[in-house]
Amino acid sequence: MAVTKEQVESTLNSKLNPSHLDVSDTSGGCGASYCVEIVSEQFEGKRLLERHRMVNTALAEEMKQIHALSITKALTPQQWALQNPPPPNPQSPPAAA
Amino acid sequence: SVRCFSALTPELKTTLDKVVTSDKVVVFMKGTKDFPQCGFSNTVVQILKSLNVPFETINILENELLRLGLKEYSSWPTFPQIYIDGEFFGGCDITVEAYKSGELQEVLEKAMCS
């Protein structure tokens with residue numbers, strides 16, 4: 001049975017409680033290859049290898065079917081905010097009058 | 001479900017302990033450094049070649065028991081698997097990320113001098 005993108009998403013959502021999650025199917029439709037971008041507070045204080053291990057462990061069941069899993073981003077919310085600054089708020093007053 | 005079968009026998013573990021320390025950098029991959037058979041494995045080979053470090057590659061496609069045993073040995077589900085100074089460093093994504101940040105170069109330099 002093939003693993004669906006929705007399955008990968010729901011497993012990661014329930015196990016790592018991400019504040020941002022982007023799963024893309026890179027298999028061209030066969031459902032066996034995924035690319036994951038994930039932001040979670042649970043990565044706080046953990047090195048990259050540990051973070052990737054957490055994702056791999058969360059997906060242990062799915063990994064039996066998945067042929068390729070690429071974790072392109074495993075960030076803390078803070079790191080994510082630094083990489084993706086929020087757009088300037090048009091409501092806020094200008095910095096200098 | 002309980003897994004009763006383990007590919008990582010004590011003998012294989014002893015062998016792997018020796019193999020990962022046989023060279024400063026050891027890559028378990030699909031194919032060989034001269035003929036990588038997977039894009040992820042190729043990426044790692046190209047990075048290591050560009051950094052000019054000596055490294056050994058082991059083709060896991062030639063030995064199914066080795067392939068299964070390594071997954072347990074490293075607690076890592078995919079290939080390639082990179083070992084530096086006898087220690088598991090990561091897979092392709094980690095190596096790419098560490099290469100971009102300069103961390104890989106640091107770790108390799110330290111390994112070469114040790």
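**Questions on the two chains**

Colleague: Asn59(B) is found in strand β4 (residues 56-59) of chain B. Which backbone atom lies 2.9 Å from a polar atom of its side chain?

Modeller: Please note at the outset that this is a predicted model. Asn59(B) has a relative accessible area of 12% and is therefore buried, and it touches Met29(B), Lys30(B), Gly31(B), Thr32(B) and Gln37(B), leaving out residues up to four places away in sequence. The atom that lies 2.9 Å from a polar atom of the Asn59(B) side chain is the backbone nitrogen of Leu61(B).

Colleague: In helix α5 of chain B, which residues are exposed?

Modeller: Leu104(B), Leu108(B) and Ala111(B) are the buried residues in this helix, which spans residues 103-113. They lie on the same side of α5(B) because they cover an arc of only 60° around the axis. The cover over these buried residues includes β1 (25-29), α2 (39-50), β5 (81-84), β6 (87-90) and α4 (92-101) of chain B. On the other side of α5(B), the exposed residues are Glu106(B), Glu109(B), Lys110(B) and Cys113(B).

Colleague: Which element gives the largest share of the largest nonpolar core?

Modeller: The largest nonpolar core has 31 residues, and Val27(B), Phe28(B) and Leu48(B) have the most contacts inside it. Two or more residues each come from α1 (10-20), β1, α2, α3 (64-74), β5, β6, α4 and α5 of chain B. The largest share, five residues, comes from β1(B).

Colleague: How many residues does the second, separate core have?

Modeller: In soluble globular proteins, nonpolar side chains tend to be buried together. The second core is separate and includes Val8(A), Tyr34(A), Phe43(A) and Leu69(A). Its number of residues is 17.

Colleague: What separation is there between the C-alpha atoms of Val20(B) and Phe79(B)?

Modeller: Val20(B) is found in helix α1 of chain B and is buried, because its relative accessible area is 1%. Leaving aside neighbours within four places in sequence, Val20(B) is in contact with Val26(B), Phe28(B), Tyr73(B), Tyr83(B) and Gly86(B); the contacts of Phe28(B), under that same exclusion, include both Val20(B) and Phe79(B). Val20(B) and Phe79(B) are 59 residues apart along the chain, and their C-alpha atoms are separated by 15 Å.

Colleague: Which two residues are joined by a cis peptide bond?

Modeller: Most peptide bonds are trans. The cis bond has an omega of about 10°, and its proline has its place in the loop between α3 and β5 of chain B. The two residues are Phe79(B) and Pro80(B).

Colleague: Is Ser75(B), with its positive phi, buried or partly exposed?

Modeller: Most residues other than glycine have a negative phi. Phi of Ser75(B) is near 50°, and this residue has its place in the loop between α3 and β5 of chain B. Because its relative accessibility is 48%, Ser75(B) counts as partly exposed.

Colleague: What is the phi of Asp85(B)?

Modeller: Asp85(B) is found in the loop between β5 and β6 of chain B. It counts as partly exposed because its relative accessibility is 41%. Although Asp85(B) is not a glycine, its phi is positive, at about 55°.

Colleague: Turning to chain A, in what order do its elements run from the N terminus?

Modeller: The secondary structure of chain A comes to four helices and three strands. Of its 97 residues, 36% count as buried. From the N terminus on, the order is α-β-β-α-α-β-α.

Colleague: What average pLDDT does chain A have?

Modeller: Confidence in chain A is highest in helix α1 (residues 5-16), at 96, and lowest in helix α3 (residues 60-63), at a mean of 92. In chain A, 88% of the residues score at least 70, and the average pLDDT is 88.

Conventions:
Residues numbered from 1 in each chain as written. Chains lettered and ligands numbered in written order. Predicted model: local features only at pLDDT ≥ 70, side-chain atom pairs only at ≥ 80, totals over all residues. Heavy atoms only, no water. Buried < 20%, exposed > 50% of the residue type's maximum accessible area, 1.4 Å probe, protein only. Arc of directions from axis to C-beta. Contact = heavy atoms within 4.5 Å. pLDDT = per-residue confidence, 0-100. Core = buried A, V, L, I, M, F, W, Y, C linked by side-chain atoms within 4.5 Å. Polar contact = N/O pair within 3.5 Å; in protein donor to acceptor, adjacent residues only side chain to side chain.
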